[in-house]
Amino acid sequence: MSERPATDDKKSRIQVSLGFSSFQCWKVDKEWRRLDAGSKKRHVDEFVKAVEASYGPDSLIGAFSTAGLKADTDFIIWTRAKTIDQIHALGRAQLKTEFSKWAAMSHNYNAMLKGSPYEQEDKTFVPQSYYKYLFVYPFVKTRDWYLLPMPERMRIMMEHIGKSKAYDMVRINTSYSFGIDDQDFVVAFESDHADKFVNLVQDLRESESSKYTERDTPMYVGVQAPLAEILADF
């Protein structure tokens, strides 16, 4: 996942894939919750095993509970992998489990990881541990944004990045969905401080770049925990 292109040329750097990312938003059928404890445990164990078996040392998987935080989603599985085939393999493995007969993805957001045209450091695309909270949403820029000259976009984004740097307790992960999903980007923030994230978003609303936002919803908030632990709550 941390592989870098052989050249330092910016155009080449931002075209090279550093991997792929997927945010699966799952909703559990209420009827499944009424099954006996033994059956549910078997279903959970099989599902967790299928998820864990789909990934290797060059990938990362995290689970986040959205209980009490989002009505149409019960938990999120965030995966980062070297190839899109690994994400596809995960989906196939999940479909073969008994649990998948009782749960479905209410939303699923796919994107590619690569360098930013506005920053030289690809600091977010290395497998690493997760923070306590995940804040994630699909993001679409207006078409007028893409018609601006690159120097003008750079100027606007420098203000945006400058405001973000005041919140070093929040990790920003931006991935690119052009051609592989309905949005332009998937933006995922991580932090151990939910209140700081609220303040960051409020500050960014006052930046010039916000004029070029077409859509940045739905917003999901999740609390990191082992997948088996999350499913044991149902």
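1. Let's start with helix 3, where Gln86, Ile87, Leu90 and Gln94 are buried. Buried means under 20% relative accessible area, exposed over 50%, and partly exposed in between, using a 1.4 Å probe and protein chains only. Seen down the axis of helix 3, the buried residues fall within an arc of 100°, so they line one face of the helix. That arc is taken from the directions that run from the helix axis to the C-beta atoms. The face turned away from the buried side carries the exposed residues Asp85, His88 and Leu95.

2. A word on what you are looking at: this is a predicted model, in which local features need pLDDT of at least 70 and side-chain atom pairs count only at pLDDT 80 or more, while totals for chains, interfaces and linings use all residues. Residues are numbered from 1 along each chain as its sequence is written, and side-chain values use heavy atoms, with hydrogens and water left out.

3. How does the length of helix 3 check out? Its twelve residues (84–95) should span 16 Å at 1.5 Å a residue, and the end C-alpha atoms are 17 Å apart, which agrees. The expected span is 1.5 Å times one less than the number of residues. Helices (H or I, at least four residues) and strands (E, at least two) are DSSP runs, numbered from the N terminus. The cover over the buried residues of helix 3 includes strand 1, helix 2, strand 3 and strand 4 (103–114).

4. Is Tyr55 buried or exposed? Its relative accessibility is 14%, so Tyr55 counts as buried. Setting aside residues up to four places away in sequence, Tyr55 touches Gln86, Ile87 and Leu90, along with Thr79, Arg80 and Ala81; contact means heavy atoms within 4.5 Å. Tyr55 and Ile87 are 32 residues apart along the chain, and their C-alpha atoms are separated by 8.8 Å.

5. Now turn to strand 3 (75–81). Seven of its seven residues are buried, so strand 3 is largely enclosed by the rest of the structure. In a regular strand the side chains alternate between the two faces of the sheet. Here, Phe75, Ile77, Thr79 and Ala81 are buried on one side, and Ile76, Trp78 and Arg80 on the other.

6. Which strands pair with strand 3? Strand 1 (residues 17–28) runs antiparallel to strand 3 and is joined to it by seven bridges, while strand 2 pairs with strand 3 in the antiparallel sense over six bridges. Two strands pair if DSSP finds at least two bridges between them. Phe75 has Trp26 standing opposite, and Ser65 also stands opposite Phe75.

7. Asp74 sits in the loop between strand 2 (60–65) and strand 3. With 9% relative accessibility, Asp74 counts as buried. Beyond four places in sequence, the residues that Asp74 touches include Trp26, Arg33, Ser65 and Phe234.

8. Finally, some care about confidence. The chain averages a pLDDT of 90, and 90% of the residues score at least 70; pLDDT is the predictor's confidence in each residue, from 0 to 100. Over residues 1–7, pLDDT stays under 50. Where pLDDT is low, the predicted coordinates should not be read in detail.
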